[in-house]
Amino acid sequence: MTENEFDVLWQRAEAEGYSHRLAAEYPAWRQKQRRTLSIVAALLIVATVAVTLFTTQLRQPQNYEKVYCNRVGTTDAQWADLAAEMLME
């Protein structure tokens with residue numbers, strides 16, 4: 001057996017060992033990869049929803065639909081003026 005043939009056989013045997021080890025570890029690696037991708041996708045979805053809600057909340061003007069008053073002496077004219085003012089906004 002020549003030195004070249006010995007090197008070829010040695011490389012084949014070494015490659016076969018690596019291929020068996022990689023084949024055995026592949027399912028665990030793939031499961032970890034899928035879990036990581038799922039977590040990243042979920043975080044992106046949550047971030048997108050949060051940013052969308054936050055920006056729409058900033059764009060909407062603050063309108064007050066109800067007015068409460070604890071004072072007894074408020075006249076109907078004052079309430080009518082307040083209602084007219086709220087409707088004109």
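Helices (H or I, at least four residues) and strands (E, at least two) are DSSP runs, numbered from the N terminus.

**Entry 1. Basis.** I note that this is a predicted model, in which local features need pLDDT of at least 70 and side-chain atom pairs count only at pLDDT 80 or more, while totals for chains, interfaces and linings use all residues. Residues are numbered from 1 along each chain as its sequence is written, and side-chain values use heavy atoms, with hydrogens and water left out.

**Entry 2. The chain overall.** I looked up the secondary structure and found 2 helices and 0 strands in the chain. The radius of gyration (taken over C-alpha atoms) is 36 Å, well over the 12 Å that the globule rule (2.2 Å times the number of residues to the power 0.38) gives for 89 residues, so the chain is more spread out than a compact globule. I recorded a C-alpha trace that spans about 115 × 20 × 15 Å along its principal axes.

**Entry 3. Surface.** What share of the 89 residues is buried, that is, under 20% relative accessible area? I found 0%. For the other classes, exposed means over 50% and partly exposed lies in between (1.4 Å probe, protein chains only). The chain exposes about 8,900 Å² by the Shrake-Rupley method, with carbon and sulfur atoms supplying 60% of this area.

**Entry 4. Aromatic pairs.** I looked for rings of Phe, Tyr and Trp (its six-membered ring) with centres within 6.5 Å; planes under 30 degrees apart count as stacked, over 60 as edge-to-face and the rest as tilted. The structure holds 2 such pairs. In one of them, the ring centres of Tyr26 and Trp29 lie 5.8 Å apart with planes at 35°, so this pair is tilted. Both residues belong to helix α1 (residues 3-59), and because they are 3 residues apart there, about one helical turn separates them. Tyr26 is partly exposed at 45% relative accessibility, and Trp29 is partly exposed at 46%.

**Entry 5. A nonpolar patch.** I noted that Met1, Phe6, Leu9 and Trp10 make a nonpolar surface patch of about 500 Å². For such a patch, residues need over 30% relative accessible area and no salt bridge, and nonpolar side chains (Val, Leu, Ile, Met, Phe, Trp, Tyr) are joined within 5 Å. Trp10 is found in helix α1 and is exposed, with a relative accessible area of 54%.

**Entry 6. Asp7.** I placed Asp7 in helix α1, where this residue is partly exposed at 36% relative accessible area. From C-alpha to C-alpha, Asp7 and Ala42 are 50 Å apart in space, and in sequence they are 35 residues apart.

Key. Patch = residues over 30% accessible without salt bridge, like charges linked within 9 Å, V, L, I, M, F, W, Y side chains within 5 Å. Areas by Shrake-Rupley, 256 points an atom, 1.4 Å probe, with all protein chains shown as cover. Salt bridge = Lys/Arg side-chain N within 4 Å of Asp/Glu carboxyl O.
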